[in-house]
Amino acid sequence: MFSRLKEDINSVFDRDPAARNTFEILTTYPGLHAVLFYRLSHWLWGVGLRWFARVVSNFGRWITGIEIHPGAIIGRRFFIDHGMGVVIGETAVIGNDCTLYHGVTLGGTSWKKGKRHPTLGNNVVVGAGAKVLGPIEIGNGARIGSNSVVVKAVPAGTTVVGVPGRLIETAKTGDDSRRTKMAEKMGFDAYGATSDAPDPVAHAINCMLDHIHAMDQRMQAICEALKRVSEEQPDLDLPKMDACEIASTAEELIKFQSDNDDESEKTHPSQ
């Protein structure tokens, strides 16, 4: 018991630079208090005293603002920073060395019994306000950005941002001069996002720029081919085509006949 408490205190020192000493952590950190209430309520839940477990859990929520269902399974060195508004559902599973920030919800999307809450691997970090919903798996070392809404499984070692959550990739190194030139031609800054946290929308626009560049090259090739054809072939002497209007009223018919007579007079004036 005391070894587990020591681990929890050390995890606060490791992940919160504002922590100054053990006494301060024990007396002023609601995230640690919530974990301690959870450990007790989870033990009561396991021995069959489920009503008492819910009472302890509810009291812990009243004290800390953090709601952890006693049926949840949480690993070692779990840290909740700030903590207000965190909700962890009954069938949630959290691995070792995970970190949650305030406003995080590990919730369900179904009223059916059984597994309905997410499973977090080891070393997962969930940013403030993020919602991870449903019986999905979050891989080891994954990062979920603040205010993201995640409803699909997340591979290990990846980062998810946005609503709905989208995977982001590390910016690739290479020659982007062609893409940059196309962006400048269109008057658009395709690199508004920082390189260490690329924006999926900016990535999609970059792909559009690549496509536009390819279309530009194809159009230029077509224009050059048409120019060569026009130089090789003389201008064609096409015959004059008569009008093919269709009259729907008597007035339109008289007007068409009058216009044709006038055109014929211009073409073949009377001698």
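**Exercise 1. In which helix is Ile9 found, and is Ile9 buried or exposed?**

Before starting, note that this is a predicted model, in which local features need pLDDT of at least 70 and side-chain atom pairs count only at pLDDT 80 or more, while totals for chains, interfaces and linings use all residues. Residues are numbered from 1 along each chain as its sequence is written, and side-chain values use heavy atoms, with hydrogens and water left out.

*Solution.* Step one is to locate the residue: Ile9 is found in helix 1 (residues 2-15), where helices (H or I, at least four residues) and strands (E, at least two) are DSSP runs numbered from the N terminus. Step two is to look at its accessibility: Ile9 has a relative accessible area of 8% and is therefore buried, since buried means under 20%, exposed over 50% and partly exposed in between, with a 1.4 Å probe and protein chains only. Step three is to list its partners: leaving aside neighbours within four places in sequence, Ile9 is in contact (heavy atoms within 4.5 Å) with Thr22, Ile25, Leu26 and Leu32.

**Exercise 2. Describe how helix 3 and helix 4 are placed relative to each other.**

*Solution.* First, take the axes, which are lines fitted to C-alpha atoms, for helices over the stretch in contact, with angles running from 0 to 180 degrees between N-to-C directions. The axes of helix 3 (residues 30-46) and helix 4 (residues 50-64) come within 8 Å and cross at roughly 175°. Finally, name some of the residues that make the contact, among them Phe37 and Leu40 of helix 3 and Phe52 and Val56 of helix 4.

**Exercise 3. Which residues have the most contacts inside the largest nonpolar core?**

*Solution.* Begin with the term: a nonpolar core is a set of buried Ala, Val, Leu, Ile, Met, Phe, Trp, Tyr and Cys residues joined through side-chain atoms within 4.5 Å. The largest one has 29 residues, and those with the most contacts inside it are Phe78, Ile88, Leu100, Val126 and Ile138. Its largest share, three residues, comes from helix 3. A second, separate core of seven residues includes Ile9, Ala19, Ile25 and Phe79.
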